Amino acid sequence: MTTPAAPHPDHLPPPLLEAIARHGGTRSFQTHAILINEGDTADSLYIVLSGRLQAYASSEDGREVILAEHGPGEYIGELSLDGAKRSVSVKALEPSACIVVQGPELRQFLADNPDFAVHLSHKLIRMVRRLTEQVRSLALQDVYGRMVRVLNELSDPVGEERVLRHKLTQQEIASRVGSSREMVNRVMKELTAGGYVSLRDGRYVIHRKLPAAW
C-alpha cells in the first residue's frame, strides 16, 4: 500500500479553507495574468483553488528574481495586512482560479478565527526561514551551488532519479538563482555532457547526485 503524501504545511486545512471561502468570491485568471503589482496598495488575499501562481520582484530595467510559487490550497497576499504597499508582484503561470478575500473581511476573519492566525504565523515563520536561506545562498554559494539547491528543491524522487515537478526554462532557473541565462546554459551543458542531467518531456531529470562543486 502506498503511504499518502503528507499535506504541505502552507496548505489551508479544508475546514479553514471552507470557512474563509465564505468571505470572498471566486475569480479566474489566464496564463500570464498579473494578480498583484509590486507597489500596489490593495490588500486582498488570494487563495489558490487551481493552477499555479508565481511571486517575483523586478528591477526598473526589467530583470526579475523569482521568490516562490503557490499551488492549490496555498494563499498569497497576507503581507498587506499591515497596510503597506505590496512588496512583490504575482502572476499566473497557467490558468488559475482563486478565492479573493478583501482586506476588511480578512482582518475580521483573522480576529474571529485563532486557528487561521496560528496558521498564518507559522507560514510567515517558514517564509522568513526560506528567504534567509536564499540570501545565505546568494551570498555564500557560487552559481553552480545555487543551481544545485534549486534543482533539488523543485524536484521529487522517482525511483533512483529526481524529476522536476514543472517545466522550467533556463531563464526561469536564472531568475531563481540570481544569474544570467548564459551562465545557466553553460552549467546545464556540462551537467548534460557528464550524464548528470537530461530533458525528458520538457522537464529536467537528475540521474544521480549532483557533484558538490563544478
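Buried means under 20% relative accessible area, exposed is over 50%, and partly exposed is in between, with a 1.4 Å probe and protein chains only.

Some housekeeping first. This is a predicted model, where local features need pLDDT of at least 70 and side-chain atom pairs count only at pLDDT 80 or more, while totals for chains, interfaces and linings use all residues. Residues are numbered from 1 along each chain as its sequence is written, and side-chain values use heavy atoms, leaving out hydrogens and water.

Helices (H or I, at least four residues) and strands (E, at least two) are DSSP runs, numbered from the N terminus.

Let's follow strand 12 for a moment. Strand 12 (residues 203–206) pairs with strand 11 (residues 197–200) in the antiparallel sense over 4 bridges; pairing requires at least two DSSP bridges between the strands. Leu-199 has Tyr-204 as its bridge partner in strand 12. The hairpin has 2 residues between the strands, and Asp-201 takes a positive phi near 55° there.

Now for the rings. Rings of Phe, Tyr and Trp (its six-membered ring) pair if their centres lie within 6.5 Å; planes under 30 degrees apart are stacked, over 60 edge-to-face, and the rest tilted. That rule gives 3 aromatic pairs. One of them is tilted: Tyr-75 with Phe-116, at 5.7 Å centre to centre and 45° between the planes. Tyr-75 lies in strand 6 (residues 75–76) and Phe-116 in helix 3 (residues 114–140), so this pair ties together parts 41 residues apart in sequence. Tyr-75 is buried at 0% relative accessibility, and Phe-116 is buried at 2%. Together with Phe-109, they form one aromatic cluster.

Finally, Lys-123 lies over the face of Tyr-75, 4.0 Å from the ring centre. The rule there is NZ of Lys or CZ of Arg within 6 Å of the ring centre and within 35 degrees of the ring normal.
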